[in-house]
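Thanks for coming, everyone. Let me put the chain up on the screen, and then we will walk through a few places in it.

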Amino acid sequence: PRGLTRAGGGGAGHEELLQLVLQVRDSIEIVHTSEYPVFLKVYFSTFTALLSERSKPMSEDPHEQKLRMAVLEILNRLPQNEILRPYVADLLKLAMQILTTDTEESALVCLRIIFDAHKNFRPDLSQEVNPFLDFVQAIYRNLPETLQALEEASAGANPTAAGEGDTEEGKDGGEEGGGRPAAELCGGLFPGEAGGTGGAAG
């Protein structure tokens with residue numbers, strides 16, 4: 001719906017934006033037709049704005065979190081062919097930004113986007129390789145801390161063992177507005193971007 005481009009740049013709330021994005025996602029098959037260039041021209045800048053300006057990572061608003069995931073799902077399903085090539089550098093920058101600030105669930109989608117982009121457009125992305133390699137190296141360098149953080153995050157998202165599984169908060173806490181930034185789970189890579197507090201500690 002063209003209404004998404006208007007609402008994305010206006011004062012629409014996250015719930016309204018979510019419904020509009022879901023309509024786009026439900027008609028995603030259009031990207032496999034001759035309309036794919038028009039789709040990118042109309043929506044790519046809107047998707048970028050929704051993730052960079054109109055919503056915040058780690059929000060406690062469930063509609064805001066679902067909005068971010070729905071946009072990421074659309075970006076992940078874009079065919080990575082020559083039609084996408086003019087947008088790939090911006091797509092990678094956006095994915096790397098989200099990889100270092102959002103939850104583990106969002107980070108996994110971003111990793112798929114990044115892997116596919118490097119596989120399909122490697123010669124064009126030499127300037128984008130180093131930040132991603134730095135991220136991967138940090139995962140291995142901080143592997144013990146990463147594993148411990150993942151165990152703690154898993155325990156926090158599954159409180160049944162502590163007798164809290166029957167509460168509404170216990171059911172939903174690990175799905176909406178919860179989780180920890182992926183960069184924090186990787187030992188605090190990009191501290192200035194993940195939470196904004198790590199820089200002082202480094």
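## Loops and helix pairs

Start with Arg77, which sits in the loop between α4 and α5. Helix names here follow DSSP runs, numbered from the N terminus: H or I with at least four residues for helices, E with at least two for strands. Two points on the source. This is a predicted model, so local features need pLDDT of at least 70 and side-chain atom pairs count only at pLDDT 80 or more, while totals for chains, interfaces and linings use all residues. Residues are numbered from 1 along each chain as its sequence is written, and side-chain values use heavy atoms, with hydrogens and water left out.

Back to Arg77. Its relative accessibility is 42%, so it counts as partly exposed. The scale is this: buried is under 20% relative accessible area, exposed is over 50%, and partly exposed is in between, with a 1.4 Å probe and protein chains only. Leaving out residues up to four places away in sequence, Arg77 touches Arg25, Ile28, Glu29 and Val31. Contact means heavy atoms within 4.5 Å. Take Ile28 from that list: 49 residues from Arg77 in sequence, 8.0 Å in space, C-alpha to C-alpha.

Now Gln80. This residue is also in the loop between α4 (62–76) and α5 (88–99). Is Gln80 buried or exposed? Buried, because its relative accessible area is 17%. Neighbours within four places in sequence aside, Gln80 contacts Ile113, Asp116, Ala117, Asn120 and Phe121. For Ala117 there is a polar detail: its backbone nitrogen lies 3.1 Å from a polar atom of the Gln80 side chain.

Ser59 lies between α3 (36–52) and α4. At 7% relative accessibility, Ser59 is buried. Its side chain makes a polar contact with the side chain of Glu64, at 2.6 Å. A polar contact is a pair of N or O atoms within 3.5 Å; within protein, one must be able to donate a hydrogen and the other to accept it, and residues adjacent in sequence count only if both atoms are side-chain atoms.

On to the helix pairs. The axes of α3 and α4 come within 10 Å and cross at roughly 145°. Axes are lines fitted to C-alpha atoms, for helices over the stretch in contact, and angles run from 0 to 180 degrees between N-to-C directions. On the α3 side are Phe39, Phe44, Phe47, Leu50 and Leu51; they meet Arg68, Val71, Leu72, Ile74 and Leu75 in α4. By class, that contact has nine nonpolar, no polar and one charged residues. Nonpolar covers Ala, Val, Leu, Ile, Met, Phe, Trp, Tyr, Cys and Pro; charged covers Asp, Glu, Lys and Arg; the others, Gly among them, are polar.

What about α3 and α5? Their axes come within 11 Å and cross at roughly 20°. The two are therefore roughly parallel, a label for angles under 35 degrees. From α3 come Phe44, Thr48, Leu51 and Ser52; from α5 come Asp90, Leu91, Leu94, Gln97 and Ile98. This contact has five nonpolar, three polar and one charged residues.

Last, the whole chain. There are 11 helices and zero strands. Of the 202 residues, 39% are buried. Among contacts with a separation of 6 or more, 69% join residues 24 or more positions apart.

Terms used:
Angles under 35 degrees count as roughly parallel, over 145 as roughly antiparallel, 65 to 115 as roughly perpendicular and the rest as oblique.
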